[in-house]
Amino acid sequence: MPYSKTRKIVSRQKILESAYKLYSSRSYEEVTIDAVMENCGMTRGGFYAHFQNKTELYRCAIEYAFANSKLANSECNTWRNEREHLTDILDGYLSLEHVNGNNPCPLAFLTSDIALRDSETRQIFADAYAAVNKKVWAYAKTFSQINESDIAPLTAMVVGTVALTRSITDEITVENMLKSTRRHVEIHLGITFDTKSLT
């Protein structure tokens, strides 16, 4: 009996979630198709109903992670204004929870791995980064004096901080790096973070 369209969509989503979870904690080479399918409770044969190979899975998992990120999915209807919305997103991003792998962002968690992938995969990553900058600018310009040309360096600092702190074992250094980056973001955007994110 053939799968329904809904069941196929749900199965594909489970595979993508499983793949991204593994890719955000291991290298591309370490994550096998078998590991992805075992992680989501499906058989290897089911993989090929959705993807041709591991490279396609990797690209799709990155796109899926970006498309389902807080920045991509959250509209301002749950916040009072754009300032509050962007502050909340950046507050969560520059938090110990995020550094420790809570809702990992592909920008920070896959940066070094992406550089080793093929040009099509790197382009997907570059397009997603450009979309992030566009979204940040769309919010920031409504309340901040920052120039559009300063958005990419600002997001690079934010992403770079998270990417680096993931490799540092000294907790005090990690907290100091996050605090310092948060101060720079506050100055550049004219926002104020909740200090609880670092406690």
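Reader: What should I know about the numbering and the cut-offs here?
Author: Residues count from 1 along each chain as its sequence is written, and the model is predicted, with local features needing pLDDT of at least 70, side-chain atom pairs counting only at pLDDT 80 or more, and totals for chains, interfaces and linings using all residues. Side-chain values use heavy atoms, leaving out hydrogens and water.

Reader: OK, which domains does the protein chain have?
Author: The assignment gives domain 1 (5-54) and domain 2 (69-189); the bounds come from an automatic or database domain assignment. Their C-alpha centres lie 26 Å apart.

Reader: How much area is buried between them?
Author: About 520 Å², with carbon and sulfur atoms giving 54% of that. Buried area here is the accessible area (1.4 Å probe) that two parts lose on being put together, summed over both.

Reader: Switching topic: where does UniProt put the DNA-binding region?
Author: The unreviewed entry has it at residues 32-51; such annotations may be inferred rather than shown by experiment. That span is 55% helix and 0% strand, and its end C-alpha atoms lie 13 Å apart. Helices (H or I, at least four residues) and strands (E, at least two) are DSSP runs, numbered from the N terminus.

Reader: And H6, what span should it have?
Author: Its 12 residues, 82-93, should span 16 Å at 1.5 Å a residue, and the end C-alpha atoms are 16 Å apart, so the two agree. The expected span is 1.5 Å times one less than the number of residues.

Reader: Which H6 residues are buried?
Author: His85, Leu86, Thr87, Ile89, Leu90, Asp91 and Tyr93. Buried means under 20% relative accessible area, exposed over 50%, partly exposed in between (1.4 Å probe, protein chains only).

Reader: Is valine 132 buried or exposed?
Author: Buried, at 17% relative accessible area. Valine 132 sits in helix H10 (residues 119-140) and touches Phe66, Leu71 and Leu107, leaving aside residues up to four places away in sequence.

Reader: How about threonine 165, what does it touch?
Author: Val99, Val174 and Met177, again not counting residues up to four places away in sequence. Threonine 165 is in helix H11 (residues 151-165) and is buried, with a relative accessible area of 2%.

Technical notes:
Contact means heavy atoms within 4.5 Å.
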